[in-house]
Amino acid sequence: MSRPLEDVRILDLTWVLAGPFATMILCDLGAEVIKIERPPLGDISRTTGPYQNGWSGYFFSINRGKRSVAIDLGSPEGKELFLRLVEHSDVVMENFTPGTLDRLGIGYDVLARRNPRIILASVSGFGQSGPYSQRPALDIVVQAMGGVMSITGEPGGNPVRPGASYGDLAAGMFAVIGVLSALHERERSGKGQAVDISMLDTQVTVMENAIMRYFVTGEVPGPLGTRHPSATPFQAFPTADGHIVIALGFGPENQWNLLCAILGIPEIIDDERFETGPKRTRNHAQLEPILARAFRQRTTAEWYAELLDAGIPCGPVNTVADVVRDEHVLARGMIQEVTHPVAGTIPIANTPLKLSRSEAGIKGPPPSLGQDTEDVFGSLLGLSAAEVAELEARGVVATRGGPDISKIT
């Protein structure tokens, strides 16, 4: 099967996580992603552990299937080579501090003059405009400023960063949406445009429910542990050997009766404190210890089987080791082994995108720094091997190399 974006070429100036995660998704959908890296080290995430055979697992997982061209954009010749590549491309993606491309002489206006159809997608901490635009930001900064840390954790506890980098990952996914939207609009207008994605903006967007609750109730949301603010019981409970989550409140009311019967506490079914969902939420402090005592009597697997049979939404709280061995996760092809000639084989998370007539998935291993420089310059710009070698001798490009991990670590 063909891939839906196999006719799209992306020049990828991104580094670390938010931008590379976005171009990874586009690459999995078939786009040719040419990662533009500065010699001699390239993307800083090449030096981020853990390592396998000297290769960064971090870099490996989010740069799979891409190509690497090493150019010094700070040199006039390097900038011109990049602009010539822009003439043959559809998208440029970057996640530098706003203004960096303009200082390099390759801002959107310059790109558009070379290729009016080019789409520039920019991901930054605070966006291309606004009073914070020049401030530095990493994932934890925007998670803090966007409010998610204030509603994560246990009541009365310290702010907690969620275990995944949602500041980066959400921005990357919205960047993909922006690129696909701009590509679609270009079919009508014939023109490219700039896409501006702010990590803080995306955190505000995904805080939708909490922001709505604040404006409706006037109360500032706080951390609730695993609880839901308006559905009860909707949380994790300890079992004899782990934890299980149950999620009542968005299904038939008889699920409450079934749960109480299965847990062996039918006497609370008609307790006026718990007889409706809103009452259970208001009286959660009295209800939780009753349910917790019941759940501790059996193992997670035992509860899971019986609750599933009754049609009650539930699931075990899996560790990462549990997830990557889960029969359903494996049946859906969500863990895929990828083999690199130096790094060896590393199982990594696959794309969740599954299309009925098209293919989506990991195209191959990540590139070594500059491994595709000669091929890309030859096929797109018509440069000979001797011309590329001359550019390399002057330090404008690189066709091989990479960080010496032993010296860094």
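The paragraphs below go from the sheet to the helix and then to a loop residue.

The model is predicted. In it, three strands form an open sheet in the order β9-β10-β11, and their pairing is antiparallel. The edges are β9 and β11 (314-316), each of which pairs on one side only. From one strand to the next the twist averages 20 degrees. Strands of a sheet pair through backbone hydrogen bonds, either parallel or antiparallel. Five bridges connect β9 and β10 in the antiparallel sense, and A236 stands opposite V245 in β10.

Helix α12 packs on this sheet, where it touches β9 and β10, and its direction makes about 45 degrees with that of β9. The helix runs over residues 284-295, twelve residues in number. From first C-alpha to last, α12 reaches 16 Å, close to the 16 Å expected at 1.5 Å a residue.

Which residues of α12 are buried? They are H284, L287, I290, L291, A292, A294 and F295. An α-helix has 3.6 residues a turn, so residues three or four places apart point the same way. The cover over the buried residues of α12 includes β9 (234-238) and β10 (243-247), along with the helices α10, α11 and α13 (300-309).

The loop between α10 (254-263) and α11 (277-282) holds D271. Is D271 buried or exposed? Its relative accessible area is 19%, and residues under 20% count as buried, so D271 is buried. The side chain of D271 also makes a polar contact of 2.9 Å with the side chain of R273.

Conventions: Residues are numbered from 1 along each chain as its sequence is written. This is a predicted model: local features need pLDDT of at least 70, side-chain atom pairs count only at pLDDT 80 or more; totals for chains, interfaces and linings use all residues. Side-chain values use heavy atoms; hydrogens and water are left out. Helices (H or I, at least four residues) and strands (E, at least two) are DSSP runs, numbered from the N terminus. Buried means under 20% relative accessible area, exposed over 50%, partly exposed in between (1.4 Å probe, protein chains only). A polar contact is a pair of N or O atoms within 3.5 Å; within protein, one must be able to donate a hydrogen and the other to accept it, and residues adjacent in sequence count only if both atoms are side-chain atoms. The expected span of a helix is 1.5 Å times one less than its number of residues. Contact means heavy atoms within 4.5 Å. Two strands pair if DSSP finds at least two bridges between them. Axes are lines fitted to C-alpha atoms, for helices over the stretch in contact, and angles run from 0 to 180 degrees between N-to-C directions.
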